[in-house]
Amino acid sequence: MTTELKLPFDQEYIKSFSKDMNEPEWLTELRIQSLTKAEALPLPRPDKTKINNWNFTQFDKLIVKSEAFASLNELPEQVKALVDMENNDKNIYVQRNNKPAYLSLSKESQEKGVIFTDIYTAAREHSDLLKKFFMTTAVKADEHKLTALHAAFLNGGAFLYIPRNVELDEPVQSVFIHDDEEASVFNHVLVVAEDNSSVTYVENYISTVESSNSLFNIVTEVIANSNAKVLYGAVDTLAKGVTTYVNRRGIAGRDARIEWALGLMNDGNTISENITNLIGDGSFGDTKTVVVGRGDQKQNFTTSVVHFGKNTEGFILKHGVMKDSASSIFNGIGKIEHGASKSNAVQESRVLMLSEKARGDANPILLIDEDDVTAGHAASVGRVDPLQLYYLMSRGISQKEAERLIIHGFLAPVVNVLPIEGVKKQLVEVIERKVK
Amino acid sequence: MAGSVLSIKDLHVAIEGKEILKGVNLEIKGGEIHAIMGPNGTGKSTLSSAIMGHPKYEITSGSVTLDGEDVLEMEVDERAKAGLFLAMQYPSEINGVTNADFLRSAVNSRREEGKEISLMKFIRTMDSKMELLEMDPDMAQRYLNEGFSGGEKKRNEILQLMMIEPKIAILDEIDSGLDIDALKVVSKGINEMRGEDFGCLIITHYQRLLNYITPDHVHVMMQGRVVKSGGPELAQRLESEGYDWIKKELGIEDETVGHEA
C-alpha cells in the first residue's frame with residue numbers, strides 16, 4: 001500500500017488545541033512544524049519487520065473525555081493492585097486515556113525540590129525547563145514520521161525532574177490507564193536526573209478494555225547527567241487491537257548509570273525501540289527486556305546500547321516467549337563508536353518457542369569501530385530444554401508445572417528488579433495469563 | 001508397612017539404535033542398600049537413566065516394576081510420585097528458578113491440592129537438612145544448580161533426596177568429584193535415610209564411598225549385564241585387586257559396551 005493517507009487533524013485544529021491547553025508558544029510552534037514535516041517524513045524501518053500497512057496515523061479523536069479520580073480508592077481494582085495503597089506518602093501519577101487523573105508527591109520529594117507532574121502542567125508551569133529537554137537531546141521530533149506525529153499530536157505524559165544531588169529513596173510511579181476504546185494516546189515521559197542525583201521510576205501502560213482499534217505512540221526520554229543514576233521500570237499491557245509504537249531512549253552523561261527493566265506484554269502489534277546512548281566517559285547502561293507474544297500479534301523489539309564515551313559498559317538481556325502464531329523479531333545492537341576505548345558491550349538474546357506456528361528471530365549485532373574494547377554476545381532460539389523438563393519431572397513435578405517453572409525462570413530477570421511489589425506481582429500474573 | 005520392591009527383569013536398553021543394556025536383572029527391596037560397581041562404559045549410568053525415563057534412552061525389552069506396577073508405562077513425574085528417585089550425575093541448571101521454589105514444588109507435587117506443605121514447615125525442614133549437609137544457607141535462594149560447584153550439586157541432589165523421601169533411590173556416581181570431607185557429609189545424608197522403608201541403589205566406580213555406606217549387596221556390571229553379585233566383601237576385593245580377576249574368571253576381554261552417555 002503506497003497511498004498516503006491524509007492526517008486526521010490539520011494545523012488549525014492543532015493550533016486551537018494547543019491554545020486550549022494554554023501551551024507556551026514554543027510548544028505550539030514545535031507541534032505545527034512537526035505536523036508539516038510528518039507528511040513527508042518516512043516511517044521508521046525496524047529491521048526485518050514490515051510496517052507499511054500498520055495504522056500509525058488514522059484515529060478519530062485527539063482527546064477523549066475521561067473523569068479524574070478524586071482518590072486512589074476510586075481506581076479500578078486491577079489498577080489498585082499496581083499501587084501501594086497502604087502508603088499515603090508516595091509519588092504517583094495516574095492518567096486516564098488523555099486525562100491527568102490523579103497526582104501525589106511525597107513529602108520527601110516536595111522538600112527536595114523534585115518536579116513530578118503531567119506534561120500539560122509541565123508545559124505551563126515549567127516551560128523553560130521542559131523546552132530545554134523536550135525532544136532536543138534524546139529523541140528529535142524530525143527523526144521519522146512517528147516522532148514527528150508524536151510531537152504534533154502530543155496528548156498525554158509526565159515530566160519528572162530530579163535536581164542536583166537529590167537522591168530519592170522512594171520510587172516514582174506512573175500508571176497510564178487505557179479504558180476508552182476510542183482513545184489514542186501520544187504519550188511523552190521525560191525524566192531528567194541532574195548531576196549526582198538518583199531516582200527509580202516505574203510505569204504501567206494498562207488497558208482495562210478488552211480490545212480496541214486505537215494507537216499508542218509513546219516516547220520516553222531519560223537524561224542522566226554526570227554521575228546520576230536512573231532505574232527505569234516499565235510493564236506494558238495494552239490490549240489486543242492497539243497498535244503501539246514505543247520509543248524509550250536514554251542519554252547517559254559522565255559516570256552516569258541508566259538501567260532499564262522492561263516487561264513488554266502488549267497483546268497488539270508493537271514496535272519497541274529502546275536505545276541507550278552512553279555519551280559520557282565511564283557511563284553505564286543495562287537493559288533487561290522480557291516479552292511474551294501470543295495470538296497472531298506481530299512485534300519488533302530493537303534494543304541498542306551505543307558507546308561514545310571511554311570506559312563505558314553496556315549490557316543487553318532479552319528473553320522472549322512466543323506461543324500460538326505470534327511472531328517477533330529481536331534485534332540487539334551493541335555499538336562502539338570510534339574513540340570509545342576500553343569499553344565493553346555485552347548482549348544476550350534468547351527466545352523460547354512454545355508452538356510450531358510461532359516465529360521468533362534473534363539477531364545479535366555488534367558494530368565496533370574501535371580496537372581497544374571487549375564485546376560478547378549470545379543468542380538462541382529454541383524449545384523448552386527436554387533435559388531440564390526431565391530433571392524437574394524426575395522430582396515429581398508435572399510437565400505442565402515444570403514448563404511453568406522454566407518459563408517463569410526464563411522471564412525472571414525483569415521481574416526480580418522491579419522495585420514496586422504490586423508491579424512485580426502484576427508482571428508475574430500477566431506472564432502466567434499469557435503463557436497459559 | 002514393609003518397604004517397596006523395585007524389580008528389574010531382563011532389561012534391554014538402546015541409545016540412538018545402539019544396544020547398551022543387554023539383559024539386566026536386579027531386585028531392590030526397602031531396607032536394602034545395593035551397590036553397582038564396574039569400570040567406565042559398562043552401562044551403569046544407562047541403567048539408572050532408563051529406570052527414571054530419560055528421553056534419550058529406548059527400552060527395547062524387559063520390565064521394570066515398582067511394587068508390581070509397570071514403571072516403564074509411567075511418565076517421568078509419575079515414576080517419581082510412585083516413589084522412585086534418581087540423584088543425577090549431571091543435574092540440569094535452571095536459571096531464574098530458586099532452589100527453594102523448586103524444592104517446594106517437588107514436595108507439593110506429592111500432596112493433594114489444598115494440602116500443600118506450609119511455608120514455615122517447609123523452611124524449617126529444609127533448613128535442618130541443609131545444616132546436616134553443611135550447605136551454605138544462601139543456596140536455598142540461588143538458582144537451581146546454576147553456578148554450583150561439583151560438590152554443591154551433589155549435596156543439592158542429596159538435599160532433594162532427604163526432602164522428598166522416596167521409597168527407592170538410585171544414586172548415580174554421587175561420589176565422583178567429591179573430596180573426602182564432602183564424601184563424608186553426603187554419606188551422612190544417605191545414612192540418615194536408611195530404614196525399612198528406604199531402598200537404595202548406589203552406582204559408583206570407587207569402593208571408598210562404601211567405607212561410609214555399607215551396602216548389603218554388591219553387583220559388578222560389564223558389557224551391559226550384571227556379571228557378578230555378592231556381599232560387601234566383593235567391594236573390598238575389587239578395591240584391592242581391581243576388575244581383572246573377574247574378567248579372567250568370566251573370559252571377558254573388553255568389558256565396555258557401546259559408549260556410556
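Tutor: Let us begin with A:Arg404, which is partly exposed at a relative accessible area of 31%. Keep in mind that this is a predicted model.

Student: What does A:Arg404 form a salt bridge with?
Tutor: The partner is A:Glu401, and the closest N and O atoms are 3.1 Å apart. A:Glu401 is partly exposed too, with a relative accessible area of 24%.

Student: How are A:Arg404 and A:Glu401 placed in helix H9?
Tutor: They are three residues apart in helix H9 (residues 399–417) of chain A, so about one helical turn separates them. An α-helix has 3.6 residues a turn, so residues three or four places apart point the same way.

Student: Which residues do salt bridges with shared partners join into a network?
Tutor: A:Glu143, A:Arg249 and A:Glu273 are joined into one network.

Student: And how many salt bridges over all chains?
Tutor: The structure holds 32. One of chain A's pairs is A:Asp267 with A:Lys434, at 3.2 Å from N to O. A:Asp267 is in the loop between strand E11 (257–264) and strand E12 (270–278), while A:Lys434 is in helix H10 (residues 421–435), so the pair ties together parts 167 residues apart in sequence.

Student: Is A:Lys434 buried or exposed?
Tutor: A:Lys434 is buried, at 1% relative accessibility. A:Asp267 is partly exposed at 21%. In another pair, A:Lys288 and A:Asp286 meet at 3.1 Å, N to O; there A:Lys288 is partly exposed at 21% and A:Asp286 is buried at 11%.

Student: Switching to the interface. How many residues does each chain give to the contact?
Tutor: Chain B gives 31 residues and chain A gives 20. Between them the two chains bury about 2,000 Å², with 64% of that on carbon and sulfur atoms.

Student: Which residues in chain B lose the most area to chain A?
Tutor: B:Asp77, B:Met88 and B:Ile94, which together account for 23% of what that side buries.

Student: What about salt bridges and polar contacts between chain B and chain A, how many?
Tutor: There is one salt bridge between the chains, alongside 11 residue pairs in polar contact. The side of chain B that touches chain A divides into 16 nonpolar, 10 polar and five charged residues. The salt bridge is formed by A:Arg395 and B:Glu157, with their closest N and O atoms 2.5 Å apart.

Student: How does the model score?
Tutor: It has ipTM 0.96 and pTM 0.89. Chain B has a mean pLDDT of 94, and 98% of its residues reach 70 or more.

Student: Back to chain A. How many residues of helix H7 are buried?
Tutor: Nine of the nine residues in helix H7 (residues 145–153) are buried, so the helix is largely enclosed by the rest of the structure. They pack against helix H1 (11–20), helix H2 (25–40), strand E6 (185–193), strand E8 (215–224) and strand E10 (243–252) of chain A.

Key: Residues are numbered from 1 along each chain as its sequence is written. Chains are lettered from A and ligands numbered from 1 in the order in which they are written. This is a predicted model: local features need pLDDT of at least 70, side-chain atom pairs count only at pLDDT 80 or more; totals for chains, interfaces and linings use all residues. Side-chain values use heavy atoms; hydrogens and water are left out. Contact means heavy atoms within 4.5 Å. Buried area is the accessible area (1.4 Å probe) that two parts lose on being put together, summed over both. A salt bridge is a side-chain nitrogen of Lys or Arg within 4 Å of a carboxyl oxygen of Asp or Glu. A polar contact is a pair of N or O atoms within 3.5 Å; within protein, one must be able to donate a hydrogen and the other to accept it, and residues adjacent in sequence count only if both atoms are side-chain atoms. Ala, Val, Leu, Ile, Met, Phe, Trp, Tyr, Cys and Pro count as nonpolar, Asp, Glu, Lys and Arg as charged, and the others, Gly among them, as polar. pLDDT is the predictor's confidence in each residue, from 0 to 100. Buried means under 20% relative accessible area, exposed over 50%, partly exposed in between (1.4 Å probe, protein chains only). Helices (H or I, at least four residues) and strands (E, at least two) are DSSP runs, numbered from the N terminus.
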